[in-house]
Amino acid sequence: MKFNSQLTRKLREMNGFDMRKAGIIILVVGLIITIISGYNYVTKETIVEIGELKVTADRTQSAGWSPQAGVAVMLAGSVVFLVGGKEQ
(Lines give C-alpha, C1' and ligand atoms only; values in the text may rest on other atoms or scores of the structure.)
Protein backbone atom coordinates (compact mmCIF):
# COMPACT_ATOMS: atom_id res chain seq x y z
CA MET A 1 0.00 0.00 0.00
CA LYS A 2 1.39 3.34 -1.02
CA PHE A 3 -0.37 5.28 1.76
CA ASN A 4 0.96 2.93 4.44
CA SER A 5 4.55 3.19 3.21
CA GLN A 6 4.34 7.00 3.08
CA LEU A 7 2.97 7.10 6.62
CA THR A 8 5.68 4.74 7.82
CA ARG A 9 8.38 6.84 6.18
CA LYS A 10 7.05 10.08 7.72
CA LEU A 11 6.88 8.53 11.19
CA ARG A 12 10.42 7.23 10.94
CA GLU A 13 11.76 10.60 9.76
CA MET A 14 11.01 12.15 13.14
CA ASN A 15 14.58 12.02 14.48
CA GLY A 16 15.11 12.13 18.23
CA PHE A 17 11.51 11.25 19.04
CA ASP A 18 10.81 7.83 20.46
CA MET A 19 7.65 6.65 18.70
CA ARG A 20 7.22 3.66 20.99
CA LYS A 21 6.89 5.94 24.03
CA ALA A 22 4.45 8.17 22.14
CA GLY A 23 2.42 5.10 21.18
CA ILE A 24 2.23 3.97 24.80
CA ILE A 25 1.12 7.45 25.92
CA ILE A 26 -1.59 7.51 23.24
CA LEU A 27 -2.73 4.02 24.28
CA VAL A 28 -3.03 5.10 27.93
CA VAL A 29 -4.99 8.23 26.96
CA GLY A 30 -7.33 6.08 24.86
CA LEU A 31 -7.83 3.71 27.78
CA ILE A 32 -8.69 6.63 30.09
CA ILE A 33 -11.14 8.01 27.52
CA THR A 34 -12.77 4.58 27.24
CA ILE A 35 -13.10 4.06 31.00
CA ILE A 36 -14.18 7.61 31.90
CA SER A 37 -16.93 8.41 29.43
CA GLY A 38 -17.74 11.86 30.77
CA TYR A 39 -17.84 14.16 33.76
CA ASN A 40 -20.27 16.47 35.57
CA TYR A 41 -19.76 20.05 36.67
CA VAL A 42 -21.87 22.66 38.47
CA THR A 43 -22.63 26.16 37.21
CA LYS A 44 -24.41 29.03 38.97
CA GLU A 45 -27.22 30.66 37.02
CA THR A 46 -29.05 33.83 37.91
CA ILE A 47 -32.78 33.16 37.91
CA VAL A 48 -34.13 36.56 39.01
CA GLU A 49 -32.35 39.86 39.49
CA ILE A 50 -34.37 42.73 40.93
CA GLY A 51 -32.19 45.61 42.08
CA GLU A 52 -29.96 44.30 44.87
CA LEU A 53 -31.90 41.04 45.12
CA LYS A 54 -30.46 38.10 43.20
CA VAL A 55 -31.86 34.60 43.07
CA THR A 56 -29.36 32.03 41.78
CA ALA A 57 -29.50 28.31 41.26
CA ASP A 58 -26.86 25.64 40.92
CA ARG A 59 -27.26 23.65 37.72
CA THR A 60 -25.50 20.37 37.11
CA GLN A 61 -24.13 20.10 33.60
CA SER A 62 -22.52 17.08 32.00
CA ALA A 63 -19.95 16.59 29.29
CA GLY A 64 -19.68 13.16 27.75
CA TRP A 65 -18.23 11.30 24.83
CA SER A 66 -18.65 7.91 23.30
CA PRO A 67 -16.43 5.04 24.48
CA GLN A 68 -15.83 4.27 20.80
CA ALA A 69 -13.73 7.45 20.67
CA GLY A 70 -11.41 5.93 23.27
CA VAL A 71 -11.16 2.71 21.28
CA ALA A 72 -10.25 4.71 18.16
CA VAL A 73 -7.52 6.55 20.09
CA MET A 74 -6.19 3.22 21.40
CA LEU A 75 -6.06 1.86 17.84
CA ALA A 76 -4.14 4.95 16.72
CA GLY A 77 -1.72 4.46 19.62
CA SER A 78 -1.20 0.83 18.63
CA VAL A 79 -0.36 1.85 15.08
CA VAL A 80 2.14 4.46 16.29
CA PHE A 81 3.67 1.95 18.70
CA LEU A 82 4.00 -0.82 16.12
CA VAL A 83 5.22 1.38 13.25
CA GLY A 84 7.62 3.30 15.47
CA GLY A 85 9.03 0.12 16.97
CA LYS A 86 10.18 -1.44 13.70
CA GLU A 87 13.86 -1.16 12.95
CA GLN A 88 14.88 0.92 9.97
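Modeller: The accessible surface of the chain comes to about 7000 Å², and 61% of that belongs to carbon and sulfur atoms. Such areas come from the Shrake-Rupley method with a 1.4 Å probe, and for residues only the protein chains shown count as cover. This is a predicted model, in which local features need pLDDT of at least 70 and side-chain atom pairs count only at pLDDT 80 or more, while totals for chains, interfaces and linings use all residues. Residues are numbered from 1 along each chain as its sequence is written, and side-chain values use heavy atoms, with hydrogens and water left out.

Biologist: How much of the chain is buried?

Modeller: Buried residues make up 11% of the 88 residues in the chain. Buried means under 20% relative accessible area, exposed means over 50%, and partly exposed is in between (1.4 Å probe, protein chains only).

Biologist: Which elements does the chain have, and in what order?

Modeller: There are three helices and two strands, and from the N terminus they run α-α-β-β-α. Helices (H or I, at least four residues) and strands (E, at least two) are DSSP runs, numbered from the N terminus.

Biologist: What share of the contacts is between residues 24 or more positions apart?

Modeller: Such residues account for 58% of the contacts in the chain with a separation of 6 or more. Contact here means heavy atoms within 4.5 Å.

Biologist: Now the surface. Which residues form the nonpolar patch?

Modeller: The patch consists of I24, V28, L31, I32, I35, I36, Y39, Y41 and W65, with about 860 Å² of accessible area together. Two or more residues come from each of α2 and β1 (38–50), and α2 gives the most, with five. Patches are made of residues with over 30% relative accessible area and no salt bridge; like charges are joined within 9 Å, and nonpolar side chains (Val, Leu, Ile, Met, Phe, Trp, Tyr) within 5 Å.

Biologist: Different topic. How many salt bridges does the structure hold?

Modeller: It holds two salt bridges, each defined as a side-chain nitrogen of Lys or Arg within 4 Å of a carboxyl oxygen of Asp or Glu. K44 pairs with D58, the closest N and O atoms being 3.3 Å apart. K44 lies in strand β1 and D58 in strand β2 (residues 53–64), so this pair ties together parts 14 residues apart in sequence.

Biologist: Are K44 and D58 buried or exposed?

Modeller: Both K44 and D58 are exposed.

Biologist: What does E45 form a salt bridge with?

Modeller: E45 bridges to R59, with 3.3 Å between the closest N and O atoms. E45 is in strand β1 and R59 in strand β2, 14 residues apart. E45 is partly exposed at 31% relative accessibility, and R59 is partly exposed at 38%.
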